[in-house]
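Thanks for coming. I have one structure to go through today, and I will keep to what can be computed from the atoms.

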Amino acid sequence: VKHYRKTDDIVSVFFGDAATSNGQFHEGANIASIKNVPLLMVCENNGLAGNITKEYYIPPIDSICERMRAYGIKAVKIDGNDVVSVMQTVQDVVNNYVRPYSKPCFIEMETTRLCCHKQGQRDIRTPEQLAELAKRDPILSVEKILKLSDGEHIKIWDEIKNDVDIILEKIKEDAIPSLEV
């Protein structure tokens with residue numbers, strides 16, 4: 001982007017921790033490092049690959065950041081459920097590293113997944129485990145920061161539900177694209 005168009009644009013990619021075990025990911029990280037690509041890689045690390053725990057798909061390292069540092073890529077590990085920390089970290093690395101130096105940076109965000117990996121696949125976690133994870137829900141944290149009244153809370157959620165319903169209705173009304181050229 002920066003090298004070809006002479007802009008300070010960057011590319012951002014988001015993926016789960018299991019993706020970092022694929023060969024294509026490592027090829028891309030290596031090329032990004034060698035070519036000094038202005039790339040922000042955001043890894044949402046929930047410790048699961050579908051229903052497979054990390055003991056079965058990640059080498060015995062403390063952090064995926066270690067892998068990135070082996071490629072010479074700046075890597076930062078944060079609490080991905082802390083919305084304020086996520087905002088501050090992203091702003092910092094984009095404005096003080098990726099953009100000015102045209103180099104890749106990796107952010108490993110430890111987070112939780114509160115639902116099954118994909119529709120039709122049973123979750124291996126117990127209801128008790130999910131209830132405990134739900135206590136770390138970033139939405140709840142932001143609601144506490146904002147100190148919303150019950151009325152404000154209900155109003156916001158009603159607006160969100162209404163917006164989603166409008167979008168879903170539009171999707172239902174849209175014609176299915178034709179495969180004909």
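I will start with how the model is to be read, then go from the whole chain to single residues.

This is a predicted model, so local features need pLDDT of at least 70 and side-chain atom pairs count only at pLDDT 80 or more, while totals for chains, interfaces and linings use all residues. Residues are numbered from 1 along each chain as its sequence is written, and side-chain values use heavy atoms, with hydrogens and water left out.

Confidence, then. pLDDT is the predictor's confidence in each residue, from 0 to 100. The chain averages 84, and 83% of the residues score at least 70. The lowest confidence is in strand E4, residues 52-53, with a mean of 61; the highest is in strand E5, residues 74-79, at 96.

Next, the overall layout. There are 7 helices and 6 strands. Helices (H or I, at least four residues) and strands (E, at least two) are DSSP runs, numbered from the N terminus. In sequence order the pattern reads α-β-α-β-β-β-α-β-α-β-α-α-α.

A contact here means heavy atoms within 4.5 Å. Of the contacts in the chain with a separation of 6 or more, 69% are between residues 24 or more positions apart.

On burial: buried means under 20% relative accessible area, exposed over 50%, and partly exposed in between, with a 1.4 Å probe and protein chains only. The chain has 181 residues, and 28% of them are buried. Accessible areas come from the Shrake-Rupley method with a 1.4 Å probe; for residues, only the protein chains shown count as cover.

Val-98 sits in helix H4, residues 83-101. Its relative accessible area is 0%, so Val-98 is buried. Beyond its neighbours within four places in sequence, Val-98 touches Ile-10, Pro-38, Leu-39, Val-93, Lys-103 and Cys-105. Val-11 is 87 residues from Val-98 in sequence, with 9.6 Å between their C-alpha atoms.

How many disulfides are there? A disulfide is a pair of cysteine sulfur atoms within 2.5 Å, and by that rule the count is 0. Cys-43 is in no disulfide; its nearest cysteine sulfur belongs to Cys-65, 8.3 Å away. Cys-105 is in none either, and its nearest cysteine sulfur is again that of Cys-65, at 8.7 Å. Cys-43 counts as buried because its relative accessibility is 0%. Cys-105 is buried too, with a relative accessible area of 0%.

Gly-16 belongs to strand E1, residues 11-16. Its relative accessibility is 31%, so Gly-16 counts as partly exposed. Asn-46 is 30 residues from Gly-16 in sequence and 7.5 Å from it in space, C-alpha to C-alpha.

Last, the surface. Ile-139, Ile-156, Trp-157, Ile-160, Val-164, Ile-167, Leu-168 and Ile-171 make a nonpolar surface patch of about 690 Å². Patches are made of residues with over 30% relative accessible area and no salt bridge; like charges are joined within 9 Å, and nonpolar side chains (Val, Leu, Ile, Met, Phe, Trp, Tyr) within 5 Å. A salt bridge is a side-chain nitrogen of Lys or Arg within 4 Å of a carboxyl oxygen of Asp or Glu. Helix H7, residues 150-173, gives the most to the patch, with 7 residues. Trp-157 lies in helix H7 and counts as partly exposed because its relative accessibility is 35%.
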